Amino acid sequence: MRRAWPALLLSALAIGAHAAGSGDNWTTPAEASQFRTTPSDAQMLAYLQRLQQAAPDQIKLETFGVTPQGRPMTVVIASHDGTFTPDAARAAHKPIVLVQAGIHPGEIEGKDAGLMLLRDIAVTDKYPHLLDHVVLVYIPVYSVDGHEHNSPYNRINQNGPESMGFRDQAQYLNLNRDYIKAEAPETLAWLKLWQAWLPDFLIDVHTTDGADYPYDLTWYTEDPHKLDPAVAAWQRKLLVEQAIPAYEKLGHSASIYLEFKDGRDPRKGIENFGSGPRFSTGYAALQNRPALLIETHMLKSYAVRVHAVYDLLRVVLDHIDRDPTALLATTRQADADTIARASDAHAQVPLTFKPDPTPTPYELKGYAFTQTHSDISNDTWIQYDPSKPVTYRINNWNGLLPDISIAPPAAYIVPGEWKTIIDKLDAHGIAYRRIGHPMKEIDATAYQLDQPKWASEPFEGHLMLQSFTLQAHPEQVTLPAGSVIVPMNQRAANVIMELLEPQAPDSLLRWGYLDAVFEAKEFGEPRVLEKLARDMMAKDPTLKAAFEQKLHDDPAFAANSRARLNFFFMRSPWYTVQRVGAYPVLRVDAAQLANIATK
């Protein structure tokens, strides 16, 4: 069932916005349509340009990138006193808050809420002091090409507006899965913006899918185990203790993000939706920054959803503005902790996480529902009754625990021929030293990777590497000129590990950028391998026994003539010389790094 605000209330909102303009009509395009529609990119830019002209000392528009289809990517800088550059913000000791909307352009409340809020800060003086001590960096539409790919049929689950943008950008990439692999032109532009401003707090605005419930919006932050302790503590205080209670006092209803274990029965509880570094909030966590994911409820009217975002943004900015030094101290401490970790011989860094097996109780405000068997899907069909609110006491399995953790090296080494890897380091602003001449007899730790298995279907244009075995071993290497030394005593060290550690869930290896290392380039003819196998068994009775045992234990192997021959080929110097599965990125400890510095 779809709920809408009464027309009289919508009319009053539009009239109020008009009156606030003091003679000028500052009604936003969405307000003018009584939230039936959302403006095009051109209409949005025209409104923002009017705001800039009316308040040039508080609003500045910039272009920070160009989309694949040639559209400019716009960012708005807002400040009470014209603090419009990163250097000026840092000199004034003002935290930088990055708010982005429209990374999924069908979920576009953040755009229209942002236009209203900028107006009420800079023009109508409704909230003239909201940015006294904060600089707001606001992306009204991240995926501009997707925004202009407009249709009434882009969001089947959603109640308005009448037409909205498409989830992916023009190359069919989901920008909210691209933060680490950084393939889309939009992501590369965003990363440059991020590196220039290095925001202290990120807010990403979306619309949810899923169940029906009374909440206007749900919200999500990364698990504390993924965060520096200072970031986790500041984030909890801001949201749990301050902003969400204040938001609900305005008449809204909010919940933590609701990912139901079984969408057919909410009573079975909720779990973590699986955020990682490919997502906005997960990437911010790697960068030692707190981040908030806002998910408005898709079945609420567009007016309700826009005002929900408007009020939560206002409340959050107000609390940060009241105590800016706390946020600045938090991000400064998190960066310092990450840098100091490089000299801690006992440090362990989690690469992967697993669900906490112990749930916590959660009180869910929901609706009564029925469950019937569907003769179409042959599954259970859940239907909600919003006229019957019900409170359910359910289990919350959102908590995570570290799973695979490793000791970070003092530095990584990327051989110069692996330009693809080095280009990704550049995209993320990672500092490194490039060597100008070959270096011999470098002691390092290398990884040998075997038994790779890939996904059967593509994800974001890649067949993800799902599993492999890994063995670390010492190795002495010669580094070619152009190789890069990537030290870990830098604030982006967590990003480095995510990119370069094979086991990390969004490593470049898992995304398929190094698939070639698993390919043998020379093969033995069967007639040659027949003789090789007999020679090897004659010289090594243990090998012969192992072959016979595998024939006994593995029927599929026994039935595969090529596999039987390869059993011997892969144990011969003709195969091992190809270094199949040799991971090219090396690790060095502090002593090895010091030795490199002397060469």
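The accessible surface of the chain comes to about 26,200 Å², and 54% of this belongs to carbon and sulfur atoms (Shrake-Rupley method, 1.4 Å probe). The model is predicted: local features need pLDDT of at least 70, side-chain atom pairs count only at pLDDT 80 or more, and totals for chains, interfaces and linings use all residues. Residues are numbered from 1 along each chain as its sequence is written.

Of the 599 residues, 54% count as buried (under 20% relative accessible area, 1.4 Å probe, protein chains only). A compact globule with 599 residues would have a radius of gyration near 25 Å; the chain has 28 Å, which agrees (taken over C-alpha atoms; the rule is 2.2 Å times the number of residues to the power 0.38).

The chain has 19 helices and 21 strands (DSSP runs numbered from the N terminus; helices are H or I, at least four residues, and strands are E, at least two). Eight strands form an open, mixed sheet in the order β1-β2-β4-β3-β5-β9-β6-β7 (pairing requires at least two DSSP bridges). Its edge strands are β1 (59-66) and β7 (254-256). The twist averages 25° from one strand to the next (axes are lines fitted to C-alpha atoms, for helices over the stretch in contact; angles run from 0 to 180 degrees between N-to-C directions).

Strands β5 (residues 201-207) and β9 (residues 291-296) run parallel, joined by six bridges. Valine 205 stands opposite isoleucine 294 in β9. Helix α8 (residues 229-249) packs on the sheet and touches β5, β6, β7 and β9 (contact means heavy atoms within 4.5 Å). The direction of α8 makes about 170° with that of β6. Helix α10 (residues 302-322) also packs on the sheet, touching β3, β5, β6 and β9.

Notes
Side-chain values use heavy atoms; hydrogens and water are left out. Buried means under 20% relative accessible area, exposed over 50%, partly exposed in between (1.4 Å probe, protein chains only).
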